[in-house]
Amino acid sequence: MATKSKGGPKYKKMTMSPKEYQSFAKTMEPPRSILGNCLKAFVFGGGICVFGQCIQELFVHLMGMTEEAASNPTVATLILISVILTSLGVYDKIAQWAGAGSAVPVTGFANSMCSAALEHRSEGLVLGVGANMFKLAGSVIVFGTVAAFFVGIAHLILGTGGQ
Amino acid sequence: MLRGKQTWWFEKRPVIIGEATVVGPDEGDGPLAADFDLVHPELDMQQKTWEKAERLLLEQASEFALQNARVERDQIQFYVGGDLMNQIISSSFAARTLGAPYLGVFGACSTSMESLALASLIVNSGSGSFVLAGTCSHNCTVEKQFRYPTEYGAQKPPTAQNTVTGAGAVIVSDKGAGPVVECATIGKVIDLGITDPFNMGAAMAPAAVDTIQAHFNDTGRSPKDYDLIVTGDLAAVGHPIAKKLLLQDGVPINETVFTDCGLMIYDLEQQKVQAGGSGCGCSAVVTYGHLLKRLKKGELKRILIVATGALLSPLSYQQGESIPCIAHAVAISSGKE
């Protein structure tokens with residue numbers, strides 16, 4: 001039993017086309033400071049690298065390692081710090097400010113693996129942690145390997161690689 | 001009874017005899033903290049998984065709603081609920097605890113008003129005297145399912161919204177005292193081609209506008225018939241868009257107070273929530289916690305809640321689909337005239 005309201009509809013339905021609406025919606029987005037974000041990323045990402053350099057110097061000068069030998073424990077230390085900060089729930093808060101600055105260095109890679117492992121722990125060690133740990137980092141490894149393959153081929157053709 | 005094209009008119013005037021809301025820590029830091037029945041200080045709520053925490057929210061909200069309505073658990077004849085999880089597990093598992101005949105519904109963040117509309121319809125048709133409607137969301141379950149692991153350091157754009165950790169439940173009855181559900185307008189799925197899942201306010205705004213206009217066309221009412229018209233979770237980006245669209249179409253929305261639950265739940269200046277709140281819990285806790293109290297106090301006489309939902313899944317947006325959206329409107333009056 002439908003009762004009709006008298007006369008035609010009071011208000012006509014929206015007439016904007018999807019294209020028109022999408023460009024209108026774009027104008028309503030709050031502005032994002034590309035320059036500001038780049039600066040923050042540069043400062044924070046650079047800061048991580050400077051910090052890494054300091055750790056390496058410590059290994060070289062305090063533990064008598066060569067520069068080459070010191071690089072592995074340096075990376076491990078950075079990974080450890082990143083994992084601890086992720087586990088304490090701090091890393092994502094830093095990242096909201098730092099943006100790409102905290103995503104690009106090795107600490108970002110460690111964060112992506114640690115956060116996925118933590119998140120999926122509830123689904124078990126095999127199907128949860130094991131299967132999901134590389135959920136975000138996996139594509140970095142895949143495309144990193146693919147890129148390395150093509151760079152290798154280019155070296156071979158140009159005769160610039162190897163001995 | 002159907003009025004116009006898509007509006008149910010509840011002539012038997014179903015009454016909300018009891019309501020309750022339970023929220024998480026961020027909502028407890030927000031401006032509406034005093035209106036909630038329980039504020040959890042921790043996100044995990046001492047549960048082993050985020051999913052268990054979300055379910056706990058809904059179970060507690062249902063339990064408190066029963067207490068507030070002075071209704072026994074076995075008096076509940078039907079439970080209508082839904083949430084954002086895959087296969088709406090939070091609601092179904094809460095229904096297991098509740099032990100009442102259950103209808104699971106999904107309308108993304110519009111589930112609050114979808115379930116309230118259906119509960120009112122059941123009561124209005126004489127098919128039930130005590131019907132529970134409830135919904136919930138948890139920030140971390142949603143992050144995990146729709147976005148990234150909760151601790152992953154991805155920068156969110158300013159158009160993103162923060163999913164509310166909270167649950168709201170109401171008991172609708174054919175007798176008793178309380179706010180009256182007058183009518184409900186069921187929305188259509190509207191999609192104007194927005195594809196950015198970090199800008200759901202803009203995606204959902206046209207759905208809200210469509211439902212609001214349909215509501216006025218069906219009922220013959222205008223904005224000035226309401227003391228407050230509130231959208232669900234359009235937040236700082238979507239809400240101004242909806243307002244502009246309404247004015248463009250000649251709806252005199254300025255005749256009333258037009259606001260948004262996603263803007264009310266947090267202090268946008270102090271809390272880091274980007275554009276505001278979202279999630280099933282957003283419109284549920286603001287409406288059932290804050291707005292029903294204002295109706296009861298007599299500060300408001302009649303309000304229209306337009307809960308908005310983005311009906312996307314991680315699969316659909318990864319496959320490049322745009323975001324289909326919906327909005328359901330429910331008119332609630334203080335029942336005191």
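Me: In which loop of chain B does A108(B) have its place?

Reply: A108(B) lies in the loop between strand 6 (102-104) and helix 4 (111-124) of chain B. Helices (H or I, at least four residues) and strands (E, at least two) are DSSP runs, numbered from the N terminus. Residues are numbered from 1 along each chain as its sequence is written, while chains are lettered from A and ligands numbered from 1 in the order in which they are written. This is a predicted model, in which local features need pLDDT of at least 70 and side-chain atom pairs count only at pLDDT 80 or more, whereas totals for chains, interfaces and linings use all residues.

Me: Is A108(B) buried or exposed?

Reply: A residue is buried if 20 or more other C-beta atoms lie within 10 Å of its own, exposed if 12 or fewer, and partly exposed in between, with C-beta atoms placed from the backbone. A108(B) is buried, because 28 other C-beta atoms lie within 10 Å.

Me: Which residues does A108(B) touch, not counting residues up to four places away in sequence?

Reply: Two residues are in contact if their C-beta atoms, placed from the backbone, lie within 7 Å. With residues up to four places away in sequence left out, A108(B) touches L84(B), G309(B), A310(B) and L311(B). A108(B) and C325(B), 217 residues apart in sequence, are 8.9 Å apart in space, C-alpha to C-alpha.

Me: At what angle do helix 6 and helix 7 of chain B pack?

Reply: Two packed helices are described by the angle between their axes and the distance between the axes. Here axes are lines fitted to C-alpha atoms, for helices over the stretch in contact, and angles run from 0 to 180 degrees between N-to-C directions. Helix 6 (residues 200-219) and helix 7 (residues 235-248) of chain B pack at about 35 degrees, with their axes 8 Å apart. Residues making this contact include A205(B) and V209(B) of helix 6 of chain B, and I241(B) and L245(B) of helix 7 of chain B. By class, the contact has 13 nonpolar, three polar and no charged residues; Ala, Val, Leu, Ile, Met, Phe, Trp, Tyr, Cys and Pro count as nonpolar, Asp, Glu, Lys and Arg as charged, and the others, Gly among them, as polar.

Me: How many helices and strands are there in chain B, and why is chain B described as compact?

Reply: Chain B has 10 helices and 15 strands. The radius of gyration is taken over C-alpha atoms, and the globule rule is 2.2 Å times the number of residues to the power 0.38. Chain B has a radius of gyration of 18 Å, close to the 20 Å that the rule gives for 337 residues, so it is as compact as a globular protein of that length. Of its 337 residues, 62% count as buried.

Me: What radius of gyration does chain A have?

Reply: Chain A has 25 Å, but a compact globule of 163 residues would have a radius of gyration near 15 Å. The C-alpha trace of chain A spans about 90 × 45 × 35 Å along its principal axes. Chain A has eight helices and zero strands, and buried residues make up 18% of its 163 residues.

Me: Which residues of helix 2 of chain A are buried?

Reply: They are F44(A), G45(A) and I48(A), and they pack against helix 4, helix 5 and helix 6 of chain A. G64(A), with a positive phi near 70 degrees, follows helix 2 of chain A.

Me: How many residues does the contact take from chain A and from chain B?

Reply: It takes 37 residues from chain A and 40 residues from chain B. Helix 6 of chain A gives the most to the side of chain A that touches chain B, with seven residues. The residues of that side of chain A divide into 17 nonpolar, 13 polar and seven charged.
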